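Here are my notes on side-chain contacts in this model. Please read them with the structure open.

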Amino acid sequence: MTALSDPAASRALLIGVHRYDRLDELPAVERNLSGLKRAFMDEALWGLPEAHCTELSQPESAQAVLDTLHSVALQTTDTLVVYYAGHGLTDPYSDELYLALPGSDQNRMYSALPYEWVRRAMLDPHIKARRKVVILDCCYSGRALLGGMSGVDQVADRALIEGTCLMAAAAETRKALSPPGEEFTAFTGELITVLGEGIAGGPPLLDMHTLFRHLHSTLAAKSRPIPQQRNRNTGGLIALARNRLYAPVVPDTALPQAPAFPPPPPPEPPTTEVEWRAEVEEPAEVEEPATADVPAEESVETDRPAEGDEQAEADQPLGTDQPTETDEPGEAEERADAGEPTEAEERGKAEAPAEAEKPDEAEAPVEAEAPAAAEESAETGEPARPRPVEHLPAPPHQDALRSATTNPATVSPTHPTRISSPRLKIGVASLAVLLAAGIPAVISWLPDPPDDAGGPSPAKYNDAIRNVVSESTARGNTLNFVGSDADSWDPQRSYYGYAWNFARYYTRQLVTYAPKPGAEGTALTPDLATGRAKISDGGKTYTYTLRKGIAWEDGSPITAQDIKYGIERIWAQDVVSGGPTYLQEALDPHQTYKGPYKDKSADKLGLKAIETRGTRTIVFKLPEPNAEFEQLLAMPAASPVKRAKDTRAKYGLDPFSSGPYTFHSYAPNNSLELVRNKHWEKSTDRIRNALPDKIKVTFSPNQEANEKALTTGKFDLMLGGRGLSRPAQANAFQSSDLKRNLDTPLTGTVRYAAFPQKVAPMNDLHCRMAVFYAADRQSLQTALGGPTAGDVTADMLPRYLKGSDAEYDPYGVRKNGGRPDVDKARAALKKCGRPNGFTTNMAVRNTAPEVEAAESLADSLKRAGIRAEIHRIDREDVPNILASPLAVRKAAYGIVLGSWKADFPTAQAFWKSLVDSRFISLKGNYNVTEVDDPAIDKALDKAVDSTGPAGAPGVDPDKAGTYYEQINRAVAEGAYYLPFLQERMVNWRSPRLTNVYVSEAYGDYDFARLGVSGK
């Protein structure tokens, strides 16, 4: 439980450098120290004795800093707070963070204090402080969290201090701000304000979690650099002040029903901002701020280099793969609080009044690079503005986006720790209303509403989730992708979700998904066929007639035999491997057919389960009814292949096209170019627009460079990957010009913790329930990237699938705002006979996000007495360990973190591998919990048999949905899987694109409908 740090046993060291010999001065830093000291000493807030709050202004040397730190630390037994404000420098060779001293020079890095030395001083074993907080208000301070070499070797743990909270004012490539005319620097000013003002509707104590989230949303709303935070153990629970605005919470029974969408906050006046700039005494040039219509100077911040996200990986028990962050020996759990602003937070920025959009003519800013402009200002007699001074000029590759959309809050000179900004008070009141209504202000529980409520604009944030953005029928130009190469471009071998989406440029199927945004995009519609299937023989026979005029790229007709041959290739797993085998399992479950390459028949069409009648009729004969069979035919694996053009294992290098584009050139891991198929006829294809003249893909593993190229217009869309990285998101969310081209759709992936029931004590329901209650889902969300990484959930089913029920909440997840209920966890432990808790092993795939999530979960479980030892599993070992029930039992993995996404948009596809006892296998097992419930198995069968009227194609979704909802509840009540996040991606769409919308069938933009304007 959070408790205020004992002021009698705590100490604070406030270090500041405002005057430099060779760097620009920062006069606000001097005021930072006095302002923070007043806040810490305020009896109503923390009440730190004056002797316990040491100001170290203008330290002469690194030794002076470290000696003072050592002395203060040795006197601390409760909480040690170390604060630094000044210039931040980066070593050009190691990218390490250095804290500038009065005599520091960027060309003489040895003249500054390496942050690593501060970290080591805090780790001194002689220091007895229970808790440690480090706050850095300087440029590039996020490097203290990330560490590493040039953004490649992201060794975050090396920059951390055992058992602490580390808060940084800016990301690792961002400059901090000191706006002219403001009393404090931007970050510290907001920190002093929240300590002095409090948070309406907030908790009684302001712990580091609460402070971070408030600072994050407040600074993001002002388009200022977004702070970063990382906690180890219970660092996020360190409380530094009482909440001045705390009020008792209304009983839950009195809470009103949460509305479908949070009410929008009141409009705010327009704001302006400059980078961390100091006042200077002499008139100087003024740097011109970016306007609303011209993208500001920018650079993308580096995060962990993200690898491409593959559909196959989403189907692994342990989710997606990214490069690993390594820990130093002996260092314990940590978690990152580095989430991006929620849409609700961003909606606080309203449209600017017309008169505020243009600066006064007499005060028009002049570019800093034009000395003549400053002279002209002097000649007119107008007082020149202070020259905008950055903490330090950034290296060229680190130049951050510059913002011109924030108006600093007014600080009352008589009460430095109290803010007189009416906008902040309105924001606080709005927050109180939201919290009183039972709506968590940080968690994205509900679907995203449109971001802009004002007049028309070229694009809006999240507009493509529900709408078609920039509708057009114009043809021409080149569509440019950048990203990751596919596992294979062979339609029968590919298993990456983005490759399935892209494959529709050169493949067609009998049926496919409707070209519509949102949930409507999951409906099946005819493609090569003239209509949906004619179903007979009790649901075991599916008959299709092909359209007339459908042609291959050589002009020859696409026939029923071509479709049969393409599907038969799935049986040749010794040659054509890697793709989904659903059709093989549905048509030939005993695998009596050996594939076309071993087929003894002359035409190589020996699969008896598929018949062809002439060239335009194809009949599928299933051994058992399967009402979802058409979903399997919508996969690229059901694409036709012309036998004469089949190059077997090499087919993916140059697949023969049945769609509107053909392969012009392909260099694996380098580039791909498609050109028009001159024999494709629009009249035969209701799905694909075929608007671009060419489609080019550049394959590049450099995430930072790819994102930079995207947002500067070189490319139009990312192919593969996990969307924008966290630093790129931070840049984009701070710019209205960039943000309007972002969408954060749900991907359909659910992240969860599974509890293998054959591993004690997870064989006891109440022990599993104890983990449910003790898990802090909000911290898990933060560890994975914050609200833009996904929505906290109590529901195991993806939100768009029938059977999902957001209102069903047996563990009070929504009621508690995603926070744990430790009392109920302890009560459950008593029921399972382990009142003092238990120890178990937690398996997680050895990638940075998953490891951070595991550490966050272990941290929250510890508070209830559950100790989880984290075991990292390398990617190549996942099939042999986590997909093997015997290996899981042998290693005693009581908790396994994973993620899952359905291969096609039905709950049957989601549930079957996870909970169907008939799919438990010794190898390749995805039912990690070994759920063996006859009632669940029976409900799965009834759902797939829930057909509509006789002869109607497919499952009746409403009938099936009732069974899927029963399964969803049974899984929750059995505490087999603990869902904690419905995953989102932050996607960038070029303003050149037309017909842009997100298809829920793919969890991404519908590539086949895109066009490119000439802009």
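1. The salt bridges come to 47 in this predicted model. Four of the residues involved, Arg508, Asp527, Asp685 and Arg688, are linked in a network.

2. Take Lys37 and Glu50. Their closest N and O atoms are 3.9 Å apart. Lys37 sits in helix α1 (residues 27–41) and Glu50 in the loop between α1 and β2 (53–57), so the bridge ties together parts 13 residues apart in sequence. Lys37 is buried, at 14% relative accessible area. Glu50 is exposed, at 53%.

3. Arg751 and Glu850 also form a salt bridge, at 3.7 Å from N to O. This pair links distant parts of the chain: Arg751 is in strand β25 (residues 746–754), Glu850 in helix α21 (residues 848–862), 99 residues apart. Arg751 counts as buried at 6% relative accessibility. Glu850 counts as buried at 4%.

4. Asp805 bridges to Arg969, with the closest N and O atoms 2.9 Å apart. Asp805 lies in the loop between β26 (790–792) and α20 (822–831), and Arg969 in helix α26 (residues 957–973), so the contact ties together parts 164 residues apart in sequence. Asp805 is buried at 14% relative accessibility. Arg969 is partly exposed at 32%.

5. Now the rings. There are 25 aromatic pairs. Trp900 and Tyr926 make a tilted one, 5.1 Å centre to centre with 55 degrees between the planes. Trp900 is in strand β29 (residues 893–900), and Tyr926 is in the loop between α24 (907–915) and α25 (934–944). Trp900 is buried at 4%; Tyr926 is partly exposed at 25%.

6. Phe481, Trp489, Phe502, Tyr505, Tyr661 and Phe1007 form one aromatic cluster. Elsewhere, Arg569 lies over the face of Tyr651, 4.9 Å from the ring centre.

Notes. Residues are numbered from 1 along each chain as its sequence is written. This is a predicted model: local features need pLDDT of at least 70, side-chain atom pairs count only at pLDDT 80 or more; totals for chains, interfaces and linings use all residues. Side-chain values use heavy atoms; hydrogens and water are left out. Rings of Phe, Tyr and Trp (its six-membered ring) pair if their centres lie within 6.5 Å; planes under 30 degrees apart count as stacked, over 60 as edge-to-face and the rest as tilted. Helices (H or I, at least four residues) and strands (E, at least two) are DSSP runs, numbered from the N terminus. Buried means under 20% relative accessible area, exposed over 50%, partly exposed in between (1.4 Å probe, protein chains only). A charge sits over a ring if NZ of Lys or CZ of Arg is within 6 Å of the ring centre and within 35 degrees of the ring normal. A salt bridge is a side-chain nitrogen of Lys or Arg within 4 Å of a carboxyl oxygen of Asp or Glu.
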